[in-house]
Amino acid sequence: MMKNRRFDLLPQEVPTHFYNIVADMPNKPLPPLNPGTMEPIGPEALAPLFPEELIKQEVSAEQMIEIPDEVRDTYLKYRPTPLFRAFELEKALDTPAKIYYKYEGVSPSGSHKPNTAIAQAYYNKMEGVKKITTETGAGQWGSALSFACAQFNIDCEVFMVRISHDQKPYRKMLMQTYGADVHASPTNTTEAGRKILAEDPDSPGSLGIAISEAVEKAANDPDTKYALGSVLNHVLLHQTVIGQEAIKQMEKAGEMPDIICAPFGGGSNFAGISFPFLRMNFTQGRKIRCIASEPSSCPKLTKGEFRYDFGDTVGMTPLMPMYTLGHQFVPAPIHAGGLRYHGAGVVVSQLLKDKLIEAEAIDQLECFEAGVLFTQKEGILPAPETCHAIASAIREAKKCKESGESKVILIHLCGHGYFDLKAYDDYLKGSLVKHELSDADVQKALQKIQTPSLV
Ligand SMILES: *Cc1c(COP(=O)(O)O)cnc(C)c1O
């Protein structure tokens, strides 16, 4: 008898709508504030940076938003993505738990990020935008957006943090092959970049500086807009195609997850897999536990505060109500670059505050141990970010072994790590160290925020 290890959908089963959890949340998110007046700001403030349709989605409370045909058609290049049962991992852990994983690494750029990049490129194209600017750290988002812009014939300009640009050249090459214009940030092409270079000509750059450069470029050119790969409501919304597919696939497997584990940077892949399941909690009284796994070196969900703070380092964005370590917080240079953001999306923050989701922090050594075991048993080498979710799932599977319970665990395998082999090499050579942020460090970072606490 063949084992039932993979649960596939047909192309026509790719979702037709994005699911907007705001419609079903018991407490709606608080509004963003103008940092000057501390008054709520309206969506019109975003108009210089984003196309109208995305601004509409950003503030929408409509439950279902139809996916345009061209976007759905482009999704067909890799969607529906597969869902597998992890029999070999279960066996290695000697656990009665049943472990499944939804794999977004089959996308052209290797992660979940094209789900929103494609939608964003399309809406920009429809409104006549000629160029999209963005920032990227290690390059996952930059490569997703470069791919999406190539699909819709839009120019793409990427400000890549200099240290990653120099040390991790392969994603840069992928972006350039997709046709993007990639700069090592800081550059001398923007006011923000020139200011940094004047102070430090050898600046390694940071995500905050790269954001400032990309935003400045878009704000100064009527034909150019800016795109963000996580955190914002419309980004989370686009990712919900993942969870909608996963529900159908789990039904084919004849189960529903008791626990969902996803890594957490700004919240987009976590939202993507979990929001459609949380809807079942809200509307059908289910009790699916959704666990966001963050690095112990950047523990905004488990050690940060729920309060108004800036989204960027420089303080140019509106104030957002979110879990944060303070916008000036600089995390240790761990390999999971995609999880080094100081804050969390507004919607996920509200859900955590209301105890409708859970969070845990995991050290990078435990993460890579989990990632290596997963690679050996399931064959796919996960992104360092993704290893956090695997580590959380392994913790839960071990609890099942102790209690004898056969829980169903769903891992979000949101990206592969084939461009991150250096990180595995460092782990295997024993040169990775534990990075735990002390409570004193957290307090120091939080004291720099001047805005009101909400707790
Ligand atoms: C970008 C990225 C993340 C973190 O971002 P989220 O918005 O929290 O999903 C996690 N995993 C992978 C593979 C990524 O590329």
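Begin by selecting Glu66, Asp69, Glu70 and Asp73, which together form a negative surface patch. Patches are built from residues with over 30% relative accessible area and no salt bridge, like charges being joined within 9 Å and nonpolar side chains (Val, Leu, Ile, Met, Phe, Trp, Tyr) within 5 Å. Asp and Glu count as negative and Lys and Arg as positive, while His and the chain ends are not counted. The place of a charge is taken as NZ of Lys, CZ of Arg, CG of Asp or CD of Glu. Accessible areas come from the Shrake-Rupley method with a 1.4 Å probe, and for residues only the protein chains shown count as cover.

The model on the screen is predicted: local features need pLDDT of at least 70 and side-chain atom pairs count only at pLDDT 80 or more, whereas totals for chains, interfaces and linings use all residues. Residues are numbered from 1 along each chain as its sequence is written, and side-chain values use heavy atoms, with hydrogens and water left out.

**Helix H2**

Next, colour helix H2, residues 69-75, which supplies the largest share of the negative patch, three residues. Helices (H or I, at least four residues) and strands (E, at least two) are DSSP runs, numbered from the N terminus. Asp69 lies in helix H2 and is exposed, with a relative accessible area of 60%. Buried means under 20% relative accessible area, exposed over 50%, and partly exposed in between (1.4 Å probe, protein chains only).

**Salt bridges**

Side chains of opposite charge can pair when their charged atoms come close. A salt bridge here is a side-chain nitrogen of Lys or Arg within 4 Å of a carboxyl oxygen of Asp or Glu. By this rule the model contains 23 salt bridges.

Select Lys217 and Glu157, whose closest N and O atoms are 3.1 Å apart in a salt bridge. Lys217 belongs to helix H9 (residues 207-219) and Glu157 to strand E6 (residues 155-161), so this pair ties together parts that are 60 residues apart in sequence. Lys217 is partly exposed at 22% relative accessibility, whereas Glu157 is buried, with a relative accessible area of 3%.

Move to Glu191 and Arg194, which meet in a salt bridge of 3.4 Å, N to O. Both residues lie in helix H8 (residues 191-199), three residues apart, about one turn of the helix. Glu191 is exposed, with a relative accessible area of 52%, and Arg194 is partly exposed at 38%.

Then display Arg289 and Glu358, whose side chains form a salt bridge at 2.8 Å, N to O. Arg289 is in strand E10 (residues 289-295) and Glu358 in strand E13 (residues 358-362), so the pair ties together parts that are 69 residues apart in sequence. Arg289 is partly exposed, with a relative accessible area of 27%, and Glu358 is partly exposed at 31% relative accessibility.

**Cis peptide bonds**

Pro80 is placed in the loop between H2 and strand E3 (83-85). A further cis peptide bond runs from Ser185 to Pro186, with omega near 10°. Pro186 lies in the loop between strand E7 (181-185) and H8.

**Positive phi angles**

Select Met38, a residue other than glycine whose phi is positive, near 60°. Met38 is found in the loop between strand E1 (17-19) and helix H1 (52-58), and is partly exposed, with a relative accessible area of 36%. Asp94, also not a glycine, has a positive phi of about 50°. Asp94 sits in the loop between helix H3 (87-93) and strand E4 (98-103).

Select Tyr170, Met173 and Phe419, which make a nonpolar surface patch of about 320 Å². Phe419 lies in the loop between strand E14 (408-413) and helix H17 (421-429), and is partly exposed, with a relative accessible area of 35%.

For the last stop, select Lys399 and Pro96, which are 303 residues apart in sequence and 9.8 Å apart in space, C-alpha to C-alpha. Lys399 is found in helix H16 (residues 384-403) and is partly exposed, with a relative accessible area of 45%.
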